[in-house]
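Hi there,

Here is the structure I promised to pass on. Have a look at it first, and my notes on what turned up follow below.

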Amino acid sequence: MSDSTGNSSHERKSGVIDTGYALSRSGLVLLLALGVGIVVLGELFRFSLGLPGHHGLETMALLATARLSTNYRWAATIAALSAAATAAAIGAGHGGLVPVLYLVPGLVIDLGVALRPTWRRSLLWLPVFAALGHASKPVIKWIVLQGSSANFGSMAHGLPYPFVTHLMFGFTGALVATLLWRGWRKRAS
């Protein structure tokens with residue numbers, strides 16, 4: 001679609017990147033693919049570093065990319081929902097809580113963005129929201145495991161350590177994605 005001045009539309013200039021508030025079909029496909037990518041990368045690189053939350057590097061980088069790729073209000077949530085559905089479909093992770101653990105970080109990111117409308121102007125807002133979203137995982141596990149003798153894995157020694165490591169990995173992954181995105185956009189313009 002061309003505007004009345006004869007210039008190319010934003011859609012043609014930016015490919016699958018949505019610049020409006022409506023989500024295009026190609027934008028939706030991108031968000032769904034990013035969600036699938038989160039699970040695929042997590043399954044491909046399943047080795048343990050002994051640091052809780054280390055998959056936040058790639059997970060939050062992809063969710064941040066989803067959030068950056070469009071102005072659609074629920075972009076990160078759609079990507080996270082895609083990851084949750086993919087994880088459930090292939091039996092990734094450990095148990096029925098896994099889809100929730102994929103979905104909540106996307107919701108946290110989108111709600112954070114909604115509360116801070118000028119988030120794109122700062123380098124740090126999206127990484128902060130992603131860090132909080134990723135840190136929701138050990139909080140959810142801790143809440144679910146309360147009163148249970150099933151504290152194992154990253155939760156074996158309580159909440160503080162996995163909470164802090166999830167914050168750090170989530171922040172770092174989203175910060176790298178944000179820096180790469182800004183560099184790519186600067187080169188493209």
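Predicted model: local features only at pLDDT ≥ 70, side-chain atom pairs only at ≥ 80, totals over all residues.

Let me start inside the protein: Arg67 and Asp110 are both buried, where buried means under 20% relative accessible area, exposed means over 50% and partly exposed is in between (1.4 Å probe, protein chains only). These two residues form a salt bridge, with 3.0 Å between the closest N and O atoms. The term stands for a side-chain nitrogen of Lys or Arg within 4 Å of a carboxyl oxygen of Asp or Glu, and by this rule the count comes to one.

Residues are numbered from 1 along each chain as its sequence is written, and side-chain values use heavy atoms, with hydrogens and water left out.

On confidence, pLDDT is the predictor's confidence in each residue, from 0 to 100. The protein chain averages 85, and 83% of the residues score at least 70. Please treat residues 1-15 separately: pLDDT stays under 50 there, and the model has eight contacts beyond four places in sequence for this stretch. A contact means heavy atoms within 4.5 Å.

Now the overall fold. The protein chain has seven helices and zero strands, and along the sequence the pattern reads α-α-α-α-α-α-α. Helices (H or I, at least four residues) and strands (E, at least two) are DSSP runs, numbered from the N terminus. Of the 189 residues, 39% count as buried. Among contacts between residues at least 6 apart in sequence, 72% join residues at least 24 apart.

What does the surface look like in terms of carbon and sulfur atoms? The protein chain exposes about 10500 Å², and carbon and sulfur atoms supply 67% of that; the areas come from the Shrake-Rupley method with a 1.4 Å probe, and for residues only the protein chains shown count as cover.

There is also a nonpolar surface patch of about 760 Å², made by Val36, Val40, Leu44, Phe45, Phe47, Leu49, Leu51 and Tyr161. Patches are made of residues with over 30% relative accessible area and no salt bridge; like charges are joined within 9 Å, and nonpolar side chains (Val, Leu, Ile, Met, Phe, Trp, Tyr) within 5 Å. Helix H2 (residues 25-44) gives the largest share of the nonpolar patch, three residues. Phe47 is in the loop between H2 and helix H3 (56-68), and Phe45 lies in the loop between H2 and H3 as well. Phe45 is partly exposed, at 41% relative accessibility, and its C-alpha atom is 8.7 Å from that of His55, ten residues apart along the chain.

Val36 from the patch also turns up in another place: Thr86 touches Val36 and Val39, not counting residues up to four places away in sequence. Thr86 belongs to helix H4 (residues 75-90) and counts as buried at 16% relative accessibility.

Finally, the aromatic rings. How many aromatic pairs does a search of the whole structure find? The search gives two. Rings of Phe, Tyr and Trp (its six-membered ring) pair if their centres lie within 6.5 Å; planes under 30 degrees apart count as stacked, over 60 as edge-to-face and the rest as tilted.

- Trp125 and Phe129 are stacked, at 5.5 Å centre to centre with 25° between the planes. Both lie in helix H6 (residues 125-145), four residues apart, about one turn of the helix. Trp125 is partly exposed at 28% relative accessibility, whereas Phe129 is buried at 8%.
- Trp181 and Trp184 have ring centres 5.1 Å apart and planes at 55°, so this pair is tilted. Both lie in helix H7 (residues 160-188), three residues apart, about one turn of the helix. Trp181 is buried with a relative accessible area of 14%, and Trp184 is partly exposed with 42%.

Trp125 touches Arg116 and Trp119 too, not counting residues up to four places away in sequence.
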